[in-house]
Amino acid sequence: MILKPLKLAVDRAIATFSVLVMIALVVCVVWQVFSRYVLNQPSTLTDELARFLMIWVGLLGASYTVGAQRHLSIDFLAMTLPEGKKPLLGLIINSLILLFSALVIVNGGLMLIDKTLATGQLSAAMQIPMGYVYFVLPLSGGIMMFYSLYFIVTDALSLTRKGAN
């Protein structure tokens, strides 16, 4: 399938970017601890940056988890279904994830960005527009939508192949 190389590229990009964000987060926290306890001069900038990076790594990690299909689930129903019906369940679940990602994460994230940019809300220490921090919401939601569509297509193809046999 033509989507598989694209999914692998997205997987690699998200994993790489998440690792970089996590490294930056660790550096910020280490500097924060060092500046607070060794220099007796706590850095408010790294404190705020660490919070923002934690938001980014959490949401990007959630989208990566959707792509790996390792998100939290109760698999009792999936375990009781016959093998031929599992793609249908996957189709339903990924359609719900797609709907949630589109309506809540992407649409809600865009509305939040619009509101914070319109009101001119700035972060306390870094003085950057909060809309830039919240940009990760529609970004991660879009990635979740991509993964959901990928699995919907995969499950639909699986169902049509089994139906043809």
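Student: Where does N40 lie?

Tutor: N40 lies in the loop between α1 and α2. Helices here are DSSP runs of H or I with at least four residues, strands are E runs of at least two, and both are numbered from the N terminus. This is a predicted model, where local features need pLDDT of at least 70, side-chain atom pairs count only at pLDDT 80 or more, and totals for chains, interfaces and linings use all residues. Residues are numbered from 1 along each chain as its sequence is written, and side-chain values use heavy atoms, with hydrogens and water left out.

Student: What makes N40 exposed?

Tutor: Its relative accessible area is 58%. Buried means under 20%, exposed over 50%, and partly exposed in between (1.4 Å probe, protein chains only). N40 is therefore exposed. N40 also has a positive phi of about 55°, although it is not a glycine.

Student: Which phi does Q127 have?

Tutor: Q127 has a positive phi of about 60°, and it is not a glycine either. Q127 sits in the loop between α4 (86-119) and α5 (130-133).

Student: Why is Q127 called partly exposed?

Tutor: Q127 has 48% relative accessibility, so it counts as partly exposed.

Student: Now the rings. How many aromatic pairs are there?

Tutor: The search of the whole structure finds four. One of them is F17 with W56, an edge-to-face pair at 6.3 Å centre to centre and 65° between the planes.

Student: What makes a pair edge-to-face?

Tutor: Rings of Phe, Tyr and Trp (its six-membered ring) pair if their centres lie within 6.5 Å; planes under 30 degrees apart count as stacked, over 60 as edge-to-face and the rest as tilted. For F17 and W56, the values are 6.3 Å and 65°.

Student: Which parts of the chain does this pair link?

Tutor: Distant ones: F17 is in helix α1 (residues 3-37), W56 is in helix α2 (residues 44-68), and they are 39 residues apart.

Student: Are F17 and W56 buried or partly exposed?

Tutor: F17 is at 39% relative accessibility, so it counts as partly exposed. W56 has a relative accessible area of 17%, so it is buried.

Student: Why is the pair of F146 and Y147 tilted?

Tutor: The ring centres of F146 and Y147 are 5.6 Å apart and their planes are at 55°, so the pair is tilted. Both F146 and Y147 are buried.

Student: How many salt bridges does the structure hold?

Tutor: Three. A salt bridge needs a side-chain nitrogen of Lys or Arg within 4 Å of a carboxyl oxygen of Asp or Glu.

Student: How do you know that K7 and D11 form a salt bridge?

Tutor: The side chains of K7 and D11 meet at 2.9 Å, N to O. Both residues lie in helix α1, four residues apart, about one turn of the helix. K7 is buried, and so is D11.

Student: What separates R51 and D47 in helix α2?

Tutor: About one helical turn, because R51 and D47 are four residues apart in helix α2. Their closest N and O atoms are 3.2 Å apart, in a salt bridge. R51, at 47% relative accessibility, counts as partly exposed. D47, at 34%, also counts as partly exposed.

Student: Which residue forms a salt bridge with E83?

Tutor: K86 does, with the closest N and O atoms 3.5 Å apart. E83 is at 55% relative accessibility, so it counts as exposed. K86 has a relative accessible area of 29%, so it is partly exposed.
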